[in-house]
Amino acid sequence: MIESNAPMLEGIRILDCTGVVFGPYATQILADLGADVIKVEAPGIGDQFRWAGKHAKTPGMSPGFMGLNRGKRSIELDLKTDEDRAAMRQLVETADVFILNVRGKAAETLGLDYDSIRAVKPDIIYAHCLGFGEDGPYAGLQAYDDVIQAITGTTSLLSRVDGNPAARYLPSLIADKVAGLHAAYAVLAAIIHKLRTGEGQKIDVPMMESFAHFMLLEHLGGRTFDPPTAPICYSRQIDPDRQPFRTADGFVSIVPYTDESWPRLFEALGNPVFLEQPQLSTRAGRAQNLPALYREIARLTASLGSADVLARCEAARIPAMIARDMADVPDDPHLNAVGFFRRTEHPTEGGWLQLKPPVTFSGWETPGPTQPPLQGEHGAEIRREVGIG
């Protein structure tokens, strides 16, 4: 019997045969919820993301790896050897979830395909992190974040905003992370299904489809309808004038989202008569002339300090925030007040900042900091637990 205040996934063991970001982000979320995540790494390089950035003390403990692998245990297995393939089968026998991002043919060669794993553990939940769905022409192709941003049209969005025709990536591993979130909720749903029915199943989580779904929720735009009612993309998001506004000492984001906000905003910024122009005096007119409204905001804020603009917007009940440099985010007073950045001591790497899981539960206290593993750190411990010689 598991106590009511125990971690919500206590007793769930997950074998994690993934690397880089997509799979490890999913399994870190599950580890944060209390699952026992065993990270299976090949001898040598291990998870390639161990080398993503400058390490503090130990090669292979990069900031990228540290940020995505807390709360896991690591074992090294060389699945090209009969001995370690037998060890993997023993591990599978103890697992509830098996998650991997090896492509289909390679998975079969290593004995990690669904049929092979299910033969060892019939009720296993098998989650396959793919680049592309297996029924389409891209099946089996390699996929990384850049590739997925390109094929989903994401690299064309900035061009629509600034007119520069060059395709550009959004400077974030956004496709990997979005797909990781899809994988995490899919595994949770499969766990609930298994608790109800006793049945395991295979889950495919293709990165292209996951990210296309994420991006097209708003950007399918007028193509939502057949025949189309407007061009593709959500026009508000690609409006070149809808950007952070320059102030006398920086930039601020101002969002007069409802039509009722416009009169309050222009009064707060010192030009209450601006909306008296015939083309701006009605809701329809303002909707048709949004670029003119944004340009006037930019003119008004340019001579004001950022703090002054934010104070005026707060008084007028207009959402606004400073456009902060990424380097200043660790000093944000709100994030620090809620304990978002947790400085901890890693046993070998010294001090480092963990990001607190953003979701809280009234029935369970978010766990304290946990540590990412050295490569193979828990190998002996795990072998003893499952009786691997």
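**Ground rules.** I number residues from 1 along each chain as its sequence is written, and I keep in mind that hydrogens and water are left out, since side-chain values use heavy atoms. In this predicted model local features need pLDDT of at least 70 and side-chain atom pairs count only at pLDDT 80 or more, while totals for chains, interfaces and linings use all residues.

**Domains.** I looked up the division of the protein and found domain 1 (13–214 + 338–386) and domain 2 (245–322), with bounds that come from an automatic or database domain assignment. The C-alpha centres of domain 1 and domain 2 lie 44 Å apart.

**Cysteines.** I searched for disulfides, meaning a pair of cysteine sulfur atoms within 2.5 Å, and the count came to zero. For Cys17 the closest cysteine sulfur is that of Cys129, and it is 11 Å away, which is too far for a bond. Cys17 is buried (under 20% relative accessible area, with a 1.4 Å probe and protein chains only), at a relative accessible area of 10%, and Cys129 is buried at 3%.

**Asp145.** I placed Asp145 in helix H6 (residues 145–151), where a helix is a DSSP run of H or I of at least four residues, numbered from the N terminus. Asp145 is buried yet has no salt bridge, and Lys177, the nearest side chain of opposite charge, is 7.5 Å away; a salt bridge would need a side-chain nitrogen of Lys or Arg within 4 Å of a carboxyl oxygen of Asp or Glu. I noted instead that the side chain of Asp145 reaches the backbone nitrogen of Ile174 at 3.1 Å and the backbone nitrogen of Ala175 at 2.8 Å.

Terms used: Buried means under 20% relative accessible area, exposed over 50%, partly exposed in between (1.4 Å probe, protein chains only). Helices (H or I, at least four residues) and strands (E, at least two) are DSSP runs, numbered from the N terminus. Lys and Arg count as positive and Asp and Glu as negative; His and the chain ends are not counted. A polar contact is a pair of N or O atoms within 3.5 Å; within protein, one must be able to donate a hydrogen and the other to accept it, and residues adjacent in sequence count only if both atoms are side-chain atoms.
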